[in-house]
Amino acid sequence: MPPLVNLPKEAAHFNLALQLHKPEHGPPQRPPKIDNAQARIYSEAHLTPNRRDTMSADWLSNVEPMVYKSRIKVPYTWSVGETGSRFFVELRDNKRLFGKRCAGCNTVYVPPRKMCGRCFRDTDDWVEVGPEGTLQTFTVVRYSHELQPMAAPFAYGIILLDRASTGLVHLIGDTDLAALRAGIRLAPVFREERSGTILDIAYFRPVGSR
Amino acid sequence: MTERVAIVGVGQTRQERNKVYDTFADMVYEATTLALADAGLSIDQIENVVSASNDFWDGRTISSMAINDACGSYDKNISCVEGDGTFAAFYGMTRILSGAYDTTLVVAHSKGSESVSSHITNAMFDPLYVRALGLDAISSAAFQARRYMDRYGVSEEQCALVSVKNHGNAFRNPYAQLPLRLTVQDVLQSRMLADPIKLLDASPISDGACAIILARESAARKTPKPPVWVRGVGYCADAYHLGDRDLAECAALVQAARKAYDMAGVRNPRKQLDVVELYDAFTYQELLWTEGLGLCGPGEGGRLIESGATQLEGDIPVNPSGGLLSAHTVIAAGLVRIAECVLQLRGEAGERQVKGARTALAHGVNGPCGQSHCVWVLGV
């Protein structure tokens with residue numbers, strides 16, 4: 001049996017979901033012999049064959065391909081920065097959304113940035129945006145992995161909040177997924193308990209839906 | 001360019017779903033030895049190395065350090081480009097043009113089988129604003145597909161034609177992972193992943209490695225095979241935040257292509273290019289990138305593929321290798337496009353050979369939804 005590292009309990013929920021093409025079950029296949037097309041390419045190119053094929057077959061046929069399972073779980077403490085902090089504090093304490101405008105090109109960045117990447121200068125004013133916005137694009141996700149906050153099927157969207165110049169990526173919830181179209185109007189649904197993160201908005205809901 | 005640079009050797013492993021007998025170093029060694037044999041060079045004649053490798057995919061930092069025995073980097077200058085192989089090749093070329101080196105080995109590797117792709121690609125998004133939403137490469141690409149298709153009326157059927165063509169082309173490429181005989185209906189009925197991207201609209205998970213050897217002209221002329229000249233290169237990055245970009249367009253690709261075309265003297269790419277290998281991570285991307293490369297007008301990618309022009313027998317064959325849809329080794333995929341173009345221009349492409357190819361274009365992408373592009377024009 002290949003060795004397995006002792007994983008902590010939560011690893012049992014480590015869902016190896018979405019392998020688009022699952023490897024065959026059972027013993028791994030021996031790498032295929034070089035076929036005629038390959039041999040022709042090698043001979044035309046004066047290449048030496050794949051080193052594996054020059055080895056004797058005997059010892060290879062007895063090799064069990066070992067695998068080693070592990071995971072990397074490293075803590076980080078990212079500084080949100082003064083600009084991002086203002087955004088999240090307003091979201092948490094007041095349920096208000098803000099962008100930051102560059103006076104050079106009049107772009108209102110949402111989420112707000114300290115600098116305008118196009119003009120390469122500091123941004124200037126804080127601009128309250130939304131809370132409603134227009135859906136620029138979306139997708140309905142139909143596969144699940146453990147990093148998703150909702151169970152599939154669910155939707156993501158890029159929402160251009162009113163008075164913003166750039167779109168905000170978020171979830172779309174509480175809606176008929178089949179009825180989603182670009183151009184519809186959405187409003188944020190705030191969580192009751194907010195902690196100053198992007199998920200203080202639970203999702204955006206189409207305006208007028210229910 | 002003040003002095004000409006050529007590609008004098010290429011090597012690639014087969015791309016497979018799970019190369020369970022190979023470590024990263026084993027694959028790098030295989031690709032490197034094949035490239036050296038192809039170039040008629042010994043490892044001692046390689047003056048510096050650029051590794052294209054990604055720490056997160058490999059699960060260890062300084063991913064270039066970990067494979068340096070496999071690419072002859074002891075006592076040499078090896079640097080890492082953490083991105084697609086086309087960008088690593090660009091850096092490798094500039095090291096020669098700087099005057100510091102005559103030859104550069106560029107080797108790219110990754111193994112998609114060893115991690116969970118959605119977890120790795122989720123990590124490219126901002127931890128404060130996007131990552132907690134669980135977005136990944138497929139769901140973000142779906143944003144772009146929808147926006148592009150909405151703007152120009154491109155249909156899912158037109159996207160499906162890309163999958164049919166490229167998986168079919170893969171039968172002629174012994175290195176490709178997924179030769180498949182498909183119909184448009186097969187693609188349309190395949191499992192929906194994130195609207196409008198279905199399973200057969202998406203590239204697979206792959207393991208593999210690819211190596212190329214670049215040389216300045218004086219060194220290139222000494223190698224046994226005709227050098228393949230770098231006629232033009234362009235590189236351009238778009239904004240990082242998805243919401244800052246107009247996802248229905250590919251302004252960064254247009255700019256990168258323009259730079260490469262200007263250098264190469266290409267004024268009419270549709271006429272002057274004989275073969276194109278582009279970065280089709282998803283079917284809609286082949287259509288959108290053919291527009292960005294100027295092979296057709298904006299919004300006309302769907303009509304281009306319907307015309308048959310991009311088939312192997314057409315007037316502008318695209319991805320005769322089968323493209324990323326047939327084998328997508330992250331990081332290596334763009335370098336494989338360059339290697340395939342080299343084989344085409346030498347007449348060594350076997351059953352996927354485009355007859356009489358003299359000018360080729362290879363294209364690579366880094367980041368979600370084509371965040372940055374690198375375009376190569378090669379010629380003999």
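Student: How do I read strand pairing, and what does β1 of chain A do with β5(A)?

Tutor: Strands of a sheet pair through backbone hydrogen bonds, either parallel or antiparallel. Strands (E, at least two residues) and helices (H or I, at least four) are DSSP runs numbered from the N terminus, and two strands pair if DSSP finds at least two bridges between them. Here β1 (residues 97-101) of chain A is joined to β5(A) by five bridges, in the antiparallel sense. Together with β2 they make an open sheet of chain A in the order β2-β1-β5. β2 (108-109) and β5 (125-129) of chain A are at the edges with a single partner strand each, so one side of each has no neighbour in the sheet.

Student: Is Lys100(A) buried or exposed?

Tutor: A residue is buried if 20 or more other C-beta atoms, placed from the backbone, lie within 10 Å of its own, exposed if 12 or fewer, and partly exposed in between. Lys100(A) belongs to strand β1 of chain A, and it counts as buried because it has 24 C-beta neighbours inside 10 Å. Contact is defined by C-beta atoms, placed from the backbone, within 7 Å of each other. Leaving aside residues up to four places away in sequence, Lys100(A) touches Thr83(A), Tyr109(A), Pro112(A), Arg113(A), Thr123(A) and Trp126(A).

Student: Where in chain A does pLDDT stay under 50?

Tutor: pLDDT is the predictor's confidence in each residue, from 0 to 100. Where it is low, the predicted coordinates should not be read in detail. In chain A it stays under 50 over residues 1-56. The average for chain A is 80, and 70% of the residues score at least 70.

Student: What is the strand order in the sheet of chain B?

Tutor: Nine strands form an open sheet of mixed pairing, ordered β3-β2-β4-β7-β1-β8-β11-β10-β9 (chain B). β3 (77-81) and β9 (275-277) of chain B stand at its edges with a single partner strand each, so each has one side without a neighbour in the sheet. Strand β2 (residues 48-52) of chain B runs parallel to β3(B), with five bridges between them. Ala52(B) faces Val81(B) of β3(B) there.

Student: At what angle do α3 of chain B and α14(B) pack?

Tutor: Axes are lines fitted to C-alpha atoms, for helices over the stretch in contact, and angles run from 0 to 180 degrees between N-to-C directions. Helix α3 (residues 85-97) of chain B packs with α14(B) at about 70°, their axes 5 Å apart. α3(B) is therefore roughly perpendicular to α14(B), a label for 65 to 115 degrees; under 35 is roughly parallel, over 145 roughly antiparallel, and the rest oblique. Gly85(B), Thr86(B), Ala88(B) and Ala89(B) of α3(B) meet Gly334(B), Leu335(B) and Ile338(B) of α14(B).

Student: How many residues does each chain give to the contact?

Tutor: Chain B gives 45 residues and chain A gives 50 residues. On the side of chain B that touches chain A, α5(B) gives the most, with six residues.

Conventions. Residues numbered from 1 in each chain as written. Chains lettered and ligands numbered in written order. Predicted model: local features only at pLDDT ≥ 70, side-chain atom pairs only at ≥ 80, totals over all residues. Contact = placed C-beta atoms within 7 Å.
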